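Hi there,

Here is the structure I promised to pass on. Have a look, and then read on for what turned up in it.

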Amino acid sequence: MFRFFLKFLLVLIIFFVGVLLGMQKANIGMLNMRGYDDPKLYSAVSVEQRDGEIDASILGKEINSYDLQEKKEKLEEIKAFNAFSNLGKKITESSKTLFNKALDFVVPD
């Protein structure tokens, strides 16, 4: 049994090292395939602060504070009433109490 465990551990370590080497090789291949060094491609999100305002870009799309405020208001409006969420909460609470009562019936204190 000990020999089997030792062999299994050795194979597991070999596979793990192989995966790490493969990931490194794939990364080097992706960098070489691109063919040039562009620092903009390394960051998906960039944030700059100028004159008290924050300029942000996500995947090259510019975002300003007005857009964020508008999205925040829209989310608050959506959260005001969500029938499916309320229905789901009620169903969850009722099923929880039902199972608790069923367990109390089967296994009395």
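Glu70, Glu73, Glu76 and Glu77 form a negative surface patch. Patch residues have over 30% relative accessible area and no salt bridge (a Lys or Arg side-chain nitrogen within 4 Å of an Asp or Glu carboxyl oxygen), and like charges are joined within 9 Å, each placed for Glu at CD. Asp and Glu count as negative. Areas come from the Shrake-Rupley method with a 1.4 Å probe.

Glu73 sits in helix α2 (residues 65-80) and is partly exposed at 46% relative accessible area, since buried means under 20% and exposed over 50%.

This is a predicted model: local features need pLDDT of at least 70, side-chain atom pairs need 80 or more, and totals use all residues. Numbering starts from 1 along each chain, and side-chain values use heavy atoms, without hydrogens or water.

The protein has 3 helices and 3 strands, in the order α-β-β-β-α-α; these are DSSP runs (H or I, at least four residues; E, at least two). Buried residues make up 3% of its 109 residues, and helix α3 (residues 83-106) has 0 of them.

Enjoy exploring!

Technical notes:
Buried means under 20% relative accessible area, exposed over 50%, partly exposed in between (1.4 Å probe, protein chains only). Patches are made of residues with over 30% relative accessible area and no salt bridge: like charges are joined within 9 Å, nonpolar side chains (Val, Leu, Ile, Met, Phe, Trp, Tyr) within 5 Å. The expected span of a helix is 1.5 Å times one less than its number of residues.
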